[in-house]
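Below are some questions and answers on a structure. Please look at the sequence and the model first.

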Amino acid sequence: MRILGIETSCDDTGIGIYDNDLGLIAHTLHSQIDMHAEHGGTVPELASREHVIRIKPLIEKALHDSNSHWQDIDGIAYTRGPGLAGSLLTGATVAKSLAFSLGIPALGIHHLEGHLLAPLLEQKDIQPPFLALLVSGGHTMIISVEKLGTYKILGETLDDAAGEAFDKTARLLNLGFPGGPAIEKIAQGGESVYKFPRPMCDRPGLDFSFSGLKTFTRNTFNKSQKSEQDIANIARCFQDAVSDTIVYKLKRALKQTSHKQLIVAGGVSANKFIRNNINEMCKQMDTKAFFPNLNFCTDNGAMIALAGFMRMIKGQKDSSLSIDIKPRWPIHELSEI
Ligand code: KG4
Ligand code: ZN
């Protein structure tokens with residue numbers, strides 16, 4: 001079985017082709033970061049128009065790179081939600097039209113399930129039960145996974161997602177968009193001179209709150225001389241605070257659930273400083289940590305092709321031709337794979 005995956009939930013157009021025997025055989029991506037950077041964040045209308053322009057050449061390149069022909073494709077998986085409505089509509093319309101014209105099934109995939117399964121692109125032997133941390137621009141969640149496809153949310157952010165906090169903090173420090181990579185880079189030259197809070201760590205439970213850190217950053221920045229070193233120090237202390245908070249909550253969740261495996265996925269999982277700290281904690285907890293390859297932390301089509309493959313090989317497919325996206329789609333509503 002060979003599945004073509006289409007990701008268009010936000011501002012990346014991603015295509016992947018996943019094969020039964022060979023695994024991932026192609027993936028193509030167009031990031032709209034440069035286009036949105038001048039606006040300081042993603043502009044939904046521009047994002048959907050850009051998907052329309054980019055999607056066809058990216059599909060053709062993925063077919064070419066994997067030496068595939070249309071008749072080799074057995075199903076089309078696409079991101080059904082959550083995400084920006086216009087962007088989702090573009091991918092869903094292309095997927096359904098292709099599936100109809102080729103006489104093959106289509107299946108709408110949950111974007112976060114795609115992220116969560118991304119480590120399986122390389123490590124096919126990961127089996128539940130495991131704990132999962134999803135840290136992206138739109139979500140921060142700790143999830144218990146007893147069976148693939150059934151996701152029990154143990155904690156989530158009450159306000160900003162971790163990636164969103166990185167982006168907003170970077171904007172405040174004039175470091176550009178997206179903020180995560182920019183903060184990670186400049187933080188390397190920073191020193192731990194400010195005492196940032198560790199939000200929600202003094203309260204029971206597994207929820208997060210990152211909006212206070214943003215306010216703390218703003219106040220610290222306004223009081224500083226705004227020198228390059230000040231900015232590096234603030235970035236370092238902000239990143240330390242996010243990392244410590246995530247590690248603290250993960251440790252609590254591992255104790256609570258007794259899981260011995262942890263999957264960390266989503267854009268923020270590309271942060272090497274946070275990865276290292278999670279790895280250190282997992283060693284102490286006798287837990288194995290899995291991360292996606294750095295290419296598959298942020299949005300991509302490969303993860304959608306894989307999630308589509310895993311479900312379509314079990315016979316799952318969309319029941320109708322109608323285009324039915326879900327810009328809001330709680331992950332606990334999914335069915336078992
Ligand atoms: O998963 P993703 O591509 O999109 C969503 O589904 O939201 O995540 C994008 C987010 C952005 O907020 C970006 O700043 C963050 O991931 N990010 C990072 C890093 N690389 C990307 N955050 C921290 N450190 C990084 N190296
Ligand atoms: Zn994402």
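**Contacts, zinc site and helix packing**

Q: Which residues does T220 touch, not counting residues up to four places away in sequence?
A: Contact here means heavy atoms within 4.5 Å. Leaving out residues up to four places away in sequence, T220 touches Y194, F196 and I234.

Q: What kind of model is this, and how are residues numbered?
A: This is a predicted model, in which local features need pLDDT of at least 70, side-chain atom pairs count only at pLDDT 80 or more, and totals for chains, interfaces and linings use all residues. Side-chain values use heavy atoms, without hydrogens and water, chains are lettered from A and ligands numbered from 1 in the order in which they are written, and residues are numbered from 1 along each chain as its sequence is written.

Q: Is T220 buried or exposed?
A: T220 is placed in helix α7 (residues 211–223); helices are DSSP runs of H or I with at least four residues, strands are runs of E with at least two, and both are numbered from the N terminus. Buried means under 20% relative accessible area, exposed over 50%, and partly exposed in between (1.4 Å probe, protein chains only). With a relative accessible area of 10%, T220 is buried.

Q: Which residues coordinate the zinc ion (ligand 2)?
A: Donors are N, O and S atoms within 2.8 Å of the metal (3.2 Å for Na, K and Ca), and water is not among the atoms, so sites may look incomplete. At 2.0 to 2.1 Å, the zinc ion (ligand 2) is coordinated by H111 (NE2), H115 (NE2) and D299 (OD).

Q: How many residues apart in sequence are the parts that H111 and D299 tie together?
A: The donors of the zinc ion (ligand 2) have the spacing H-x3-H-x183-D along the chain. H111 lies in helix α4 (residues 111–117) and D299 in the loop between β10 (288–290) and α10 (302–312), so the parts that this pair ties together are apart in sequence by 188 residues.

Q: At what angle do the axes of helix α8 and helix α9 cross?
A: Axes are lines fitted to C-alpha atoms, for helices over the stretch in contact, and angles run from 0 to 180 degrees between N-to-C directions. The axes of α8 (residues 228–257) and α9 (residues 272–284) come within 10 Å, and the crossing angle is roughly 30°.
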